[in-house]
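The sequence and model come first, and the text follows.

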Amino acid sequence: MSNIADEKRSRRRGLLKQYYGVKDDSKEGFDPYNINAPEFNPDLYLHKLLKECNLNQLMQKEQQIYRQIQSLDSEMQTLVYENYNKFISATDTIRKMKNDFKKMEEEMDCLSSNMSIITEFSGNISSTLQGRRQQISKLTGVHTLLKKLQFLFELPPCLKTCIENGSYGQAVRYYLKAQKVLLQYEHMPSFHGIQEDCDMLVNQLKQKLREQFKSKDASPKQLAECVDLLLQLDEPTEVLCDEFLKYAKEKLDVDLSDLEHQINLCATSLEESENDKSSEEGK
């Protein structure tokens with residue numbers, strides 16, 4: 001069985017080499033009796049068989065060769081069919097790639113055309129707006145200036161509203177935001193009037209903040225916030241420290257006085273309780 005399989009493999013290799021035109025260099029010498037060799041001579045091979053084999057062997061050899069021919073024919077057809085399918089598949093792949101590249105080329109041409117149109121439109125827009133660019137820049141600057149002026153003209157009412165609502169921190173932020181501009185243009189009558197109104201309102205704000213120092217209900221956090229806001233309004237640091245310590249001392253004295261009064265009440269209550277117990281024991 002192994003000899004038959006080897007012979008079939010040898011025939012297949014020979015067919016493939018013959019089909020692709022590959023020379024077999026593994027065998028040396030000239031052998032006209034080798035049926036798988038390219039130099040095979042059928043006349044010599046037949047003469048050799050007639051000389052060496054009897055009739056029965058010749059008939060068996062004839063059947064064997066016939067079966068081999070059928071097998072080779074089938075293998076050749078299979079080989080051609082398989083390679084044909086591969087060739088068809090490769091042809092289809094190449095055709096598909098060609099179509100894809102053609103479609104891609106069309107899309108690239110369309111994209112290039114669109115980019116050219118966009119570039120042209122961009123150039124037209126730039127040339128159209130070139131003359132108006134400086135005008136737009138000036139208008140933008142004027143708009144920004146008008147917004148600042150609007151804020152300045154609305155500043156006194158805003159400060160007044162914040163003071164009435166107790167939003168002292170917001171009022172300080174509004175004033176500090178506009179303080180530099182007001183000082184810069186205080187020589188102008190309109191800005192000078194705004195500056196006077198703001199100064200009057202800021203003085204009221206300072207007075208409100210100082211009143212919190214005197215409030216007995218003010219917490220230490222509120223006192224610290226008042227000091228911070230007054231410092232932002234350029235109040236003297238030493239004066240603020242003295243006032244803060246003064247009001248803190250007064251509040252502490254009041255708290256100590258209340259505490260002492262409560263202690264005295266507790267002591268009196270304990271003394272009365274002990275006197276009552278002593279009188280009951282004497283009875």
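## Terms and basis

A residue is called buried when its relative accessible area is under 20%, exposed when it is over 50%, and partly exposed in between (1.4 Å probe, protein chains only). Helices (H or I, at least four residues) and strands (E, at least two) are DSSP runs numbered from the N terminus.

The model is predicted: local features need pLDDT of at least 70, side-chain atom pairs count only at pLDDT 80 or more, and totals for chains, interfaces and linings use all residues. Residues are numbered from 1 along each chain as its sequence is written, and side-chain values use heavy atoms, with hydrogens and water left out.

## Overall fold

The protein chain has nine helices and zero strands, giving the pattern α-α-α-α-α-α-α-α-α along the sequence. Of its 283 residues, 15% are buried. The accessible surface is about 22600 Å², and carbon and sulfur atoms account for 56% of that area; the method is Shrake-Rupley with a 1.4 Å probe, and for residues only the protein chains shown count as cover.

A contact means heavy atoms within 4.5 Å. Among contacts between residues at least 6 apart in sequence, 52% join residues at least 24 apart.

## The largest nonpolar core

A nonpolar core is a set of buried Ala, Val, Leu, Ile, Met, Phe, Trp, Tyr and Cys residues joined through side-chain atoms within 4.5 Å. In this model the largest such core has 23 residues, and L159, L182, C198, L205 and L209 are those with the most contacts inside it. Two or more residues come from each of α5 (155-165), α6 (168-184), α7 (189-214) and α8 (220-232). Helix α7 gives the largest share, seven residues. In soluble globular proteins, nonpolar side chains tend to be buried together.

Leaving aside residues up to four places away in sequence, L205 touches I163, Y168, A171, V172 and L233.

## Helix α5

The buried residues L155, P156, L159, C162 and I163 lie in α5. Viewed down the helix axis, the buried residues of α5 fall within an arc of 130°, so they line one face; the arc is that of the directions from the helix axis to the C-beta atoms. An α-helix has 3.6 residues a turn, so residues three or four places apart point the same way. Exposed E164 and N165 are carried on the face of α5 turned away from its buried side. After α5 comes G166, with a positive phi near 80°.

## Helix α8

The 13 residues of α8 should span 18 Å at 1.5 Å a residue, and the end C-alpha atoms are 19 Å apart, which agrees. The expected span is 1.5 Å times one less than the number of residues in the helix.

In α8, the buried residues are L223, C226, V227, L229 and L230. They fall within an arc of 165° seen down the axis, so they too line one face of the helix. P220 and K221 are exposed on the other side of α8. Just after this helix, D234 has a positive phi of about 65°.

K206 lies in helix α7 and is buried, at 15% relative accessible area. It touches L230, L233 and E235, not counting residues up to four places away in sequence.

M200 also lies in α7, and its relative accessibility of 47% makes it partly exposed. M200 and P156 are 44 residues apart in sequence, with their C-alpha atoms 9.4 Å apart in space.

## Cysteines

The structure holds zero disulfides, a disulfide being a pair of cysteine sulfur atoms within 2.5 Å. For C162, the nearest cysteine sulfur is that of C158, 6.5 Å away. C162 is buried at 9% relative accessibility, whereas C110 is partly exposed, with a relative accessible area of 44%.
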